[in-house]
Amino acid sequence: MKWIRVNMSDLSVKVEDVPKKYEQMGGRWLTSSVVADEVPATCHPLGPLNKVVIAPGILSGTTAPSSGRISVGTKSPLTGGIKEANAGTKVSQYLKRMGYSAIIIEGQPKNKESRYLLTVGKEKVELVDATEYKFMGLYELSEKLASKYGKDVGIASVGPAAEHLLAGTGVAFNDVENRPARYAGRGGVGAVFASKGLKAIVVEAVTGQANILNHELFETGRKKLLSALQEHAVTKPGGALNTYGTAVLVNIMNEAGALPTRNFSSGTFEGAKKISGEAMAEAAAKNPKAGMMGHRCHPGCVIGCSVIYPDAQGNSHTSVEYETLWAIGANCGIDDLDAIAQMNSMCNDIGLDTIEFGDAVAVAMEGGLLPFGDAKGAIALLEEVRKGSPLGKIIGSGCGTVGKVFGVRRVPAVKNQGMPAYEPRVVKGIGVTYITTPMGADHTAGYSIAPEILGVGGKFDPHTNEGKVKLSKDFQATTCFIDSTGCCVFTAFAILDIPSGFEGMVEACNAVTGANWTTSDAYNIGLNILNMEHQFNLSAGFTSNDDRPPEFMKLEPVPPHNMVWDMADSELDSIWK
């Protein structure tokens, strides 16, 4: 395997052999390992010593189901610690089919106003001038790049907000229809990408399959994983995710009293049904030309959990996910689905993480900048972010910055990263994940919602603290491995309940890497990744005090269950022992 090393200081591009220690790695395993080995933990995230590592998963580029995820790793300007964010995209598949396991971007151009485009092809990899695309919105950029390089290319790009170096920005990857809608969104990875002078990476379309060492074993593993995904009620065709998208969770979490509302002041939202997956499915059924349930973020996805939502004017808004519906909706007291979809598209165009944006707006509402429920005001704030005005830079820097500027005490963040769409005072396991993951508050780091709310992989009472540290740790370790394979985190639903599915995933990885891992080995690999990330944060200056919830959650009971965060700090600290 090869990787591409791009030095933005001297504008050199080198294709190198992957060092032996990294040969079996992919995705998060590879990004976090390279960051841990090559990035000084105390460096400035937006300075020349930080690096961006982009890596397809171990199984990306093969016919393994739902294996088209790509990881982006760096030191986060939002948290100050290590970061991995991932997305589903054909970019991962094209890179792996060309034999590339990663792109490493380092250094910074001498001229901070310069913009560059990295083109990756089978025959040539080069940097070209991209001044003409400076501060361009990503929908226009995608159209221009597809027109120039071909409609089937893979694109990774950053919007104007990232070029303003704002910590609430992500890296956009194009979906199968070439829309910049698949985001490695969290932690400000977009700002680091932009700080290197890069506007976009364009990857040549490549057919075929990535290299497989043992085809017979691969087919055995692939079929086991596929069977599990097609059998499980959550992931199967016509199942919960395929029918209603990730937004199937809106009504479920609201009924559980765990849908954070109006800046985490309540666990229920009276407008939940208006912004639910069921509401989007109804709209898509009425306008099938503009709307679609069961959309797939990359070729080879067998779950199809995304939604193309048609608004009242017939406009298509793609990838309207549960987290966005919650962040810009319930958390801001907005129940206008059309307005939420519009802001979703605007975030995609500008380059913002919708979770961090929604948290930032809700905190601004708490601080009196605009009233809860003010959709027009929130849309106006997005335009301020696009322009890079002082107010826009505050909003685009995340909820922690907004809280400091507006003197708000209720800031729902851990390690300065805004919390996602699950109330941790009510669902304790996901709370442990938010608080302890090296990534900052991140539901995908250890999705204990599966057993706590959905009864997948066992059944845990969400309200109790008992056993939740171990539950979160097990989920975090397993997720580290899944994120390394290139498989979607939603494959966890099936492999938790159907052990042969996890066996198949590991067997397919063995067939690609030449390893002889068991499922226990896979868990231990994940645990090692998790500990490596934790150690990076410790080297960056983090302490146990960074593994703590915001104070207000210890003091303020959240209705309707009127619960507080009441787990002892010593119990949280035990996750690293």
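This is a predicted model: local features need pLDDT of at least 70, side-chain atom pairs count only at pLDDT 80 or more; totals for chains, interfaces and linings use all residues.
**Stop 1: helix α13**

Select residues 375-387, which form helix α13.

At the start of α13, one of the side-chain oxygens of aspartate 374 comes to within 3.4 Å of the backbone nitrogen of lysine 376. Then move to the other end, where glycine 388 follows the helix. The phi angle of glycine 388 is positive, near 75°.

Next, colour the buried residues of α13: Ala375, Gly377, Ala378, Ile379, Leu381, Leu382 and Val385. In an α-helix there are 3.6 residues a turn, so residues three or four places apart point the same way. Which helices do the buried residues of α13 pack against? Show α4 (160-163), α11 (337-350), α12 (354-366) and α14 (390-396); the buried residues pack against these.

**Stop 2: the largest cavity**

The structure has one cavity of 30 Å³ or more. The largest cavity holds about 60 Å³ of space. To find it, select its lining: Lys415, Thr436, Thr437, Pro438, His534, Asn537, Leu538, Phe542, Thr543, Ser544, Asp546 and Asp547. Which helix gives the most to this lining? It is α21 (residues 519-539), with three residues. Sorted by class, the lining of the largest cavity has six polar, three nonpolar and three charged residues.

**Stop 3: the second largest pocket**

Move on to the second largest pocket, which has about 260 Å³ of space. Its lining is made of 13 residues, and those nearest the centre are Met1, Glu23, Lys96, Val512 and Thr513. By class, the lining of this pocket has seven nonpolar, four polar and two charged residues.

**Stop 4: serine 67**

Finally, select serine 67, in the loop between β3 (52-56) and β4 (69-75). Is serine 67 buried or exposed? Its relative accessibility is 2%, and buried means under 20%, so serine 67 counts as buried.

Show the side chain of serine 67: one of its polar atoms lies 2.7 Å from the backbone oxygen of alanine 64. Leaving out residues up to four places away in sequence, serine 67 touches Leu59, Ser60, Thr62, His298, Gly486 and Cys487.

Conventions:
Residues are numbered from 1 along each chain as its sequence is written. Side-chain values use heavy atoms; hydrogens and water are left out. Helices (H or I, at least four residues) and strands (E, at least two) are DSSP runs, numbered from the N terminus. The expected span of a helix is 1.5 Å times one less than its number of residues. Buried means under 20% relative accessible area, exposed over 50%, partly exposed in between (1.4 Å probe, protein chains only). Contact means heavy atoms within 4.5 Å. A polar contact is a pair of N or O atoms within 3.5 Å; within protein, one must be able to donate a hydrogen and the other to accept it, and residues adjacent in sequence count only if both atoms are side-chain atoms. On a 1 Å grid over the protein atoms alone, a cavity is a set of points where a 1.4 Å probe fits but cannot get out, and a pocket is an open set with protein on both sides within 12 Å along at least five of seven lines; lining residues have an atom within 4 Å of a point. Grid points are joined across faces, edges and corners, and a volume is the space filled by probe spheres set on the points. Ala, Val, Leu, Ile, Met, Phe, Trp, Tyr, Cys and Pro count as nonpolar, Asp, Glu, Lys and Arg as charged, and the others, Gly among them, as polar.
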